[in-house]
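Hi,

Here is the structure I promised to pass on. Have a look at it first, and my notes follow below.

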Amino acid sequence: MTTTIFIDGAVGTTGLEIRERLSGRGDVSLLVLDEARRKDAAARRDALNDADLVVLCLPDDAAREAVAMIDNRRTRVVDASTAHRVAEGWTYGFAELEPGRSDEIAAARLVSNPGCYPTGFLALVRPLVRAGLLPADALLSVNAASGYSGGGKSMIAEFEDGDADTAFRPYALTLAHKHAPEMTRHAGLAHAPIFQPAVANTYRGMVVEVPVHQSQLVPGTSVEAVAATLRDAYAGAALVRVASDAPATIRIEDDANTDRMTLHVFANPAAAQLRLVATLDNLGKGAAGAAVQNVNLMAGLDPLAGLTR
Ligand SMILES: NC(=O)C1=CN([C@@H]2O[C@H](COP(=O)(O)OP(=O)(O)OC[C@H]3O[C@@H](n4cnc5c(N)ncnc54)[C@H](OP(=O)(O)O)[C@@H]3O)[C@@H](O)[C@H]2O)C=CC1
Ligand SMILES: CC(=O)N[C@@H](CCC(=O)OP(=O)(O)O)C(=O)O
């Protein structure tokens, strides 16, 4: 028996990517609303309740509204929006983040898909906090750049119509980005990191960086211990890899057009400083790839089906 999946928001940037990854697979069937009905509340309500599993690729308010429309206990949900990432009763859908998380996702009814920037940040920081190498009260910052597809259809139009007129634009200058609570909670940190995102004039791809003074780590923690802890955390993870050497350069395009993420530990022991860096695709492991991974786990299918490493 195949799993019936409804993507609410299927013609948006993330929805289209998920549809592309799920189409043509024999193990799932897609329930699709045509253009005339895709925003019709009654049609969406029916689809949300008819599907075995729904993937919400909507703005936050519309995602909350969609969840409220589900009036049965059978339909399971993957929400790609920010609406439920720190909400009670939801499983945080980052399969590699914690031991046992894949099994929790497989059994869950409500799964929140991680944010694109938090995926990079948490991958780098959570294992260090969990292993006791980085104190939970550490004061961190995150520097990051995303391709403009991260801002959805409206930002794509802004950049592709020429209105953006920039190569690189820092934003979230009010220091109140929607991803800060998610980063703090799921890293197990006491304080929100200072989050410094920027959008780059390229369609897709991300670099997420956490600079660390060695003095912020628990005394005696070596650079090798940091790298070994990350390697241990992701040993056996097909989509998250820790680079074995330090390349001379990294690029925002390094993992673009894939569903994988690469982690780097750069360091200068003489300066006692580290730069922890993740590269990923905002639409891959940062959104659609992670959503398909969660769908696969929840439906009991090959966890890597439809994904590109
Ligand atoms: N882009 C990215 O890299 C990432 C996005 N996400 C999240 O995924 C979600 C979707 O983002 P994204 O795909 O970028 O956004 P888009 O703006 O590209 O797509 C959103 C889609 O939702 C549709 N929509 C809006 N309101 C409703 C409604 N009430 N009923 C039905 N459809 C509706 C829109 O319709 P219309 O076409 O008519 O505007 C649009 O097609 C967001 O919550 C975002 O935060 C998560 C990680 C990364
Ligand atoms: C470049 C850009 O604008 N990126 C978006 C983040 C991508 C996104 O939609 O956020 P989620 O991962 O939480 O869904 C932003 O900063 O709001």
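Where does ligand 1 lie, given the domains that give residues to its shell? Domain 1 (3-114 + 287-298) and domain 2 (116-282) both contribute, so ligand 1 lies between them; the domain bounds come from an automatic or database domain assignment.

Before you dig in: this is a predicted model, where local features need pLDDT of at least 70, side-chain atom pairs count only at pLDDT 80 or more, and totals for chains, interfaces and linings use all residues. Residues are numbered from 1 along each chain as its sequence is written, while chains are lettered from A and ligands numbered from 1 in the order in which they are written.

Around ligand 1 there are 27 residues (C-beta, placed from the backbone, within 6 Å of it), the closest being Gly12, Thr13, Thr14, Ser81 and Gly152. Elements giving two or more residues are α1 (13-22), α3 (60-69), α6 (152-160) and α9 (284-298), and α1 has the largest share, with three. Helices (H or I, at least four residues) and strands (E, at least two) are DSSP runs, numbered from the N terminus.

Now the sheet. Seven strands run β8-β9-β7-β10-β13-β12-β11 in an open sheet with mixed pairing (two strands pair if DSSP finds at least two bridges between them). β8 (168-170) and β11 (240-242) are at the edges with a single partner strand each, so one side of each has no neighbour in the sheet. β11 pairs with β12 (residues 261-268) in the parallel sense over three bridges, and Arg241 has Thr262 in β12 as its bridge partner.

Cheers
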